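Visitor: I am new to this structure and would like to go through it by question and answer. Please show it to me before we start.

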Amino acid sequence: MSEPPLKLPHAVSRLRTERLARSAKPFLARGGIKGERCPGCRLVPSHCICALLPEVPTKVGMCLLMADIEPFKPSNTGWLIADVVPDTFAFGWARTEVDPALLALLADPQWQPYVVFPGEFVEPERVVHAVQPLPAGQRPLFILLDATWPEARKMFRKSPYLNRLPVLSLAPEQVSRYQLRRSKRDDHFCTSEVASLCLELAGEVQAADTLQAYLDVYTHHYLQAKHQLPPDLQGPAHERWQGLKKS
């Protein structure tokens, strides 16, 4: 692939750099691909997808609250959201403290925040199932708890600054296509898939389709590298991606 244009590190990349600076020892991912990784897409250089650079203009914002080691994981898909959605914010989550920049973001009048979480765990009066039209100058901000399911439940319970916000409960009909980590339930979606569903609800169909196709390409390259196989640039993932770019 050709050299990608220069792009400044996005929010998840910056959070990872900050977290690495505070880490006493290197993070070693379980399984997966080993050795040198591209700093832009986290894949081995031979399977790099940085040339795709799929950023799409959208009025939507994404706010990732990330469990402690999520920024380190090559399988983390919050990184892909930040690649696609220009207004992506990322914060590390801690039970005992909250980043003042996160509180400032939630209080910013240009945003209408929604915490994306299953409605079955929330008081019914907080739950919404759609993104309502907003006043002129205001945009939806989707707050995604980027963690394993047990971690996400703890984060939701122990983040009092989220208590006043509406909770967007998704009811997707499709089954997750995510293959990089296992879940016991088909209705558990990776963070990138959740973001894609939120974009669709907000009427941002192009961004939603781009993010889903980008996840498919990333997954294909990741798994091919893991099994020491070249990426199939004519395969289904790339075919969907090319078809999207032509549409």
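Visitor: In this predicted model, are helices α5 and α6 roughly parallel or roughly antiparallel to each other?
Guide: The axes of α5 (residues 191–201) and α6 come within 8 Å and cross at roughly 165°. Angles over 145 degrees count as roughly antiparallel. The two helices α5 and α6 are therefore roughly antiparallel.

Visitor: Is the crossing of α5 and α6 left-handed or right-handed, and which residues of α6 make the contact?
Guide: The crossing of α5 and α6 is left-handed. On the α5 side the contact uses Ser 192, Glu 193, Ala 195, Ser 196, Leu 199 and Glu 200. On the α6 side it uses Ala 207, Ala 208, Leu 211, Gln 212 and Leu 215.

Visitor: How many residues of the contact of α5 with α6 are nonpolar?
Guide: The contact of α5 with α6 includes 3 polar and 2 charged residues. Leu and Ala count as nonpolar. The nonpolar residues in this contact number 6.

Visitor: How do α6 and α7 run, roughly parallel or roughly antiparallel to each other?
Guide: Helix α6 (residues 205–226) and helix α7 (residues 236–246) have axes that come within 9 Å and cross at roughly 150°. The cut-off for roughly antiparallel is an angle over 145 degrees. α6 and α7 are therefore roughly antiparallel.

Visitor: Which residues of α7 meet α6?
Guide: α6 passes α7 in a left-handed crossing. Residues of α6 in the contact include Asp 209, Tyr 214 and His 221. In α7 they meet Ala 237, His 238, Arg 240, Trp 241 and Leu 244.

Visitor: How many residues of the contact of α6 with α7 are charged?
Guide: This contact has 6 nonpolar and 4 polar residues. Asp and Arg count as charged, and the contact includes Asp 209, Asp 216 and Arg 240. The number of charged residues in the contact is 3.

Visitor: Where in the chain is Gln 228, and is Gln 228 buried or exposed?
Guide: Gln 228 is found in the loop between α6 and α7. Gln 228 has a positive phi of about 60° although it is not a glycine. With a relative accessible area of 74%, Gln 228 is exposed.

Visitor: Arg 42 also has a positive phi; is Arg 42 buried or exposed?
Guide: The phi of Arg 42 is about 75°, although this residue is not a glycine. Arg 42 sits in the loop between α1 and β1. Its relative accessibility is 6%, so Arg 42 counts as buried.

Visitor: Which strands stand at the edges of the sheet?
Guide: The open sheet has 6 strands in the order β2-β1-β5-β3-β6-β4, with parallel pairing. An edge strand here has a single partner, so one side of it is left without a neighbour in the sheet. The strands at the edges are β2 (88–92) and β4 (127–128).

Visitor: Which residue of β6 stands opposite Val 115?
Guide: Strand β3 pairs with β5 (residues 139–146) in the parallel sense over 5 bridges, and there Val 115 stands opposite Ile 143. β3 is also joined to β6 (residues 167–168) by 2 bridges, again in parallel. In β6, the residue opposite Val 115 is Val 167.

Visitor: How many of the 6 residues of β3 are buried?
Guide: Strand β3 covers residues 111–116 and is largely enclosed by the rest of the structure. A residue counts as buried at under 20% relative accessible area. In β3 the buried residues are 5 of the 6.

Visitor: At what angle does α4 run to β5?
Guide: Helix α4 lies across β1, β3, β5 and β6. α1 (residues 11–22), by contrast, lies across β1 (61–66) and β2, running at about 20° to β2. The angle of α4 to β5 is about 125°.

Visitor: Which residues does Glu 151 touch, not counting residues up to four places away in sequence?
Guide: Glu 151 is in helix α4 (residues 149–157), and at 28% relative accessibility it counts as partly exposed. Glu 151 and Ala 67 are 84 residues apart in sequence, yet 7.2 Å apart in space, C-alpha to C-alpha. The residues touched by Glu 151 are Ala 67 and Glu 70.

Technical notes: Residues are numbered from 1 along each chain as its sequence is written. This is a predicted model: local features need pLDDT of at least 70, side-chain atom pairs count only at pLDDT 80 or more; totals for chains, interfaces and linings use all residues. Side-chain values use heavy atoms; hydrogens and water are left out. Buried means under 20% relative accessible area, exposed over 50%, partly exposed in between (1.4 Å probe, protein chains only). Helices (H or I, at least four residues) and strands (E, at least two) are DSSP runs, numbered from the N terminus. Two strands pair if DSSP finds at least two bridges between them. Axes are lines fitted to C-alpha atoms, for helices over the stretch in contact, and angles run from 0 to 180 degrees between N-to-C directions. Angles under 35 degrees count as roughly parallel, over 145 as roughly antiparallel, 65 to 115 as roughly perpendicular and the rest as oblique. A crossing is left-handed if the near helix is turned anticlockwise from the far one by less than a right angle, and right-handed if clockwise. Contact means heavy atoms within 4.5 Å.
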